[in-house]
Amino acid sequence: MNPHHTPIDPVIDEQAALWAAKLDGSVLTASDRTALDAWLDAAPAHRAALSSYCQFSADLEQQLPLLAGIPESPAENQHELTSARPRPGLFRPLWVGAMLTAAAAAVALVLWTGRTATPAALEFATAAAQRQSVALADGSRIELNAHTQLSASLTAHERHVRLTRGQAFFTVAKDPARPFFVDTPAGTVRVTGTQFDVRADDVAPFQVTVLEGSVQVRPGDPATASPLALKRGDQYAAGSLRALSTKELDASLAWRNGEIVFDRAALSDVLAAFSRHHGRTITVSPGAAQQRLGGRFNLDNLPEFLELLPQTLNVVVSRDPHGDVRVSLANER
């Protein structure tokens, strides 16, 4: 793709596109910075080509919210055009050209017809030991825990998030005219404006915890399931609904601060939680697995936790050549 008005060498064009994507999606390393400086100094056409790509990307991102289902009211359109944009981190060099071309075509269609096109879903995903907070065009905010994948699309009539896997906390902007849905493989949540947490993974296939306001939960097929009403402090999990204590509610949402809370939990369960979060192999001997542990821990800092374990329990921590962790009783071989 060439955003320039004059012909340009295809090789320079491709190199400029790659550098623009890298500048847009990440912080350059020292070696990248050196390489970029050398490339820019090699020929005046390099700098001109890169400048054109960066300007094109900035202009395009101002237009992309049009694809996110903004209401047709001119006043609302103006507000959302200045508040919503896909995260720069979504751009990747290998497909940035195709993405920009498709988006530009869609924006052109919108401007030509004067109507919004089919909303494009925004995709978000986190890796091991990573959390991310994203803002949507309607003012809602989503906090993603590690190993989470979701997509969001907003239309003039409703707002939809598809939580494929993981855990996310939602702060939904109030808009009674546009209900907010969170769909998971095991159920659906419907709200109009509140704060709540949804978990959809192997441990908790469909868990909903409400921090503020109320939500409507439909476990299973939303077309046939009867809705359940949850209010502040309620949690739906494993097919049952119960009111959490203030302490339990705090523990359930501690991940938002990079923490995890246990109340005399089996060490096997504790280590499994750290293993899932960090994507690391951690095994425990049968004897050590039944040890009990309680307290609030820094979930993000695995080395610190492993160093703390032998100081708290009668266990030893060892690592094999691959870095896999083994926890066993101090008197076990």
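I started with the secondary structure, and the protein chain comes to nine helices and 18 strands. I note here that the model is a predicted one.

Next I looked up burial. Of the chain's 333 residues, 42% count as buried.

The largest pocket has a volume of about 1,000 Å³. It is lined by 30 residues, and those closest to its centre are Arg-199, Val-203, Ile-260, Ala-273 and Arg-276. I listed the elements that give two or more residues to this lining: strand E5 (159–171), helix H6 (246–252), strand E14 (259–266) and helix H7 (267–278). Which element gives the most to the lining? I found that E14 does, with six residues. I also sorted the lining by class and got 12 nonpolar, eight polar and 10 charged residues.

I then checked helix H7. Its 12 residues should span 16 Å at 1.5 Å a residue, and the end C-alpha atoms are 17 Å apart, so the two values agree. Which residues of H7 are buried? I wrote down Leu-267, Val-270, Leu-271, Ala-273, Phe-274, Ser-275, His-277 and His-278. Ala-273 had already come up among the residues closest to the centre of the largest pocket.

Last, I looked at what comes after H7. Gly-279 follows the helix, and its phi is positive, near 65°.

Note on methods:
Residues are numbered from 1 along each chain as its sequence is written. This is a predicted model: local features need pLDDT of at least 70, side-chain atom pairs count only at pLDDT 80 or more; totals for chains, interfaces and linings use all residues. Side-chain values use heavy atoms; hydrogens and water are left out. Helices (H or I, at least four residues) and strands (E, at least two) are DSSP runs, numbered from the N terminus. Buried means under 20% relative accessible area, exposed over 50%, partly exposed in between (1.4 Å probe, protein chains only). On a 1 Å grid over the protein atoms alone, a cavity is a set of points where a 1.4 Å probe fits but cannot get out, and a pocket is an open set with protein on both sides within 12 Å along at least five of seven lines; lining residues have an atom within 4 Å of a point. Grid points are joined across faces, edges and corners, and a volume is the space filled by probe spheres set on the points. Ala, Val, Leu, Ile, Met, Phe, Trp, Tyr, Cys and Pro count as nonpolar, Asp, Glu, Lys and Arg as charged, and the others, Gly among them, as polar. The expected span of a helix is 1.5 Å times one less than its number of residues.
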